[in-house]
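Student: Could you walk me through this model, one feature at a time? I'd like to learn how to read each of them.

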Amino acid sequence: MIERIVHEQLDDLEKAGPGADLVDVFTESVPSRVMCEMIGVPESERKSLQRHVETLGRLSSTVPEALAAVSGMSGFLARFVPTRMDDPRDDILGDLIRGGQLTEQELMGMTATLITGAMDTTGNMLAMGIFTLLEHPDQLAKLREDPELMGAAVEELLRFLTISHLGASRWALEDVEFAGQTIKKGEVVTVALPAVNRDPERYDNPDQLDIGRTDHGHMALGHGVHQCLGQHLARTILRVGYEALFDRFPTLQLAVPSEEIQMRDDFVHYGPRSLPVTWDD
């Protein structure tokens, strides 16, 4: 299913022609289509849900804008989930419903989490990884020479980029001594994930992208019980997406100078706003 969706979006990219925005045609659409199919969300609802998720992820959204997005998302869930509870299908939501352990409200919350995660983090990571590989032609050439490196390349891009740049916050339940610092009960600690993933005490040459790196162990997808719920799905989408794109368009390159690429620096998750690309016909 993922391969089919990836190739369908690449068909759209080819139809759009050189100069097309890869974010609009490919990187946003692939993960959102995958998740919508996995939980049975109608295609007609996908674009509006995408807009709601984008509004909620933008740090500069006004309170009325955020409330409108919450209302729009809640309205969809209130229509969608009860209907599916009456008619569970052969998908993730149907499996959760048939399990019989979740209330309607819990099913709505789970569905919202799945939609939000797929439409935000994976899409940004897919776009950011492509941008980064195009800016590191030596690494892209190495990947083309040895496609078996794709799994390691995905892990290295996750470490190197760490698009969740705001970090994770944790609340101390009791006084804790850590690295000579006292963290008092009730204090909040923010883990700077990009700093962790480029810690020179942990990685050799941490600021260097090396798709042949074998020592991963990054925290881009969390740690322990707080690891990302959809991490394996995200890895699969990234692997299939990168592989198919660079196979289909071996001469792919940016259509504008890299310094002209505008970044989503006012969002919870980092990535390019648009990514105009070109290739030889």
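**Reading salt bridges and the fold**

Tutor: Let's start with a pair: Asp207 forms a salt bridge with Arg198, with 3.3 Å between the closest N and O atoms. A salt bridge here is a side-chain nitrogen of Lys or Arg within 4 Å of a carboxyl oxygen of Asp or Glu. The model is predicted, so local features need pLDDT of at least 70 and side-chain atom pairs count only at pLDDT 80 or more, while totals for chains, interfaces and linings use all residues. Residues are numbered from 1 along each chain as its sequence is written, and side-chain values use heavy atoms, leaving out hydrogens and water.

Student: Is Asp207 buried or exposed?

Tutor: Buried means under 20% relative accessible area, exposed over 50%, and partly exposed in between (1.4 Å probe, protein chains only). Asp207 is exposed at 55%, and Arg198 is partly exposed at 27%.

Student: Which residues do salt bridges with shared partners join into one network?

Tutor: Arg4, Glu8, Arg33 and Glu37. By the salt-bridge rule, the count comes to 20.

Student: Which parts does the pair Arg248 and Glu14 tie together?

Tutor: The side chains of Arg248 and Glu14 meet in a salt bridge at 2.9 Å, N to O. Arg248 lies in helix α11 (residues 231-248) and Glu14 in helix α1 (residues 2-16), so the bridge ties together parts 234 residues apart in sequence. Helices (H or I, at least four residues) and strands (E, at least two) are DSSP runs, numbered from the N terminus. Arg248 is partly exposed at 28% relative accessibility, and so is Glu14, at 44%.

Student: How many helices and strands are there in the protein chain?

Tutor: There are 11 helices and 6 strands. Helix α5 (residues 63-86) holds Ser74, whose C-alpha is 8.6 Å from that of Ala112, 38 residues away in sequence.

Student: What share of the residues is buried?

Tutor: Buried residues make up 42% of the 281. As for contacts (heavy atoms within 4.5 Å), residues 24 or more positions apart account for 67% of those with a separation of 6 or more.
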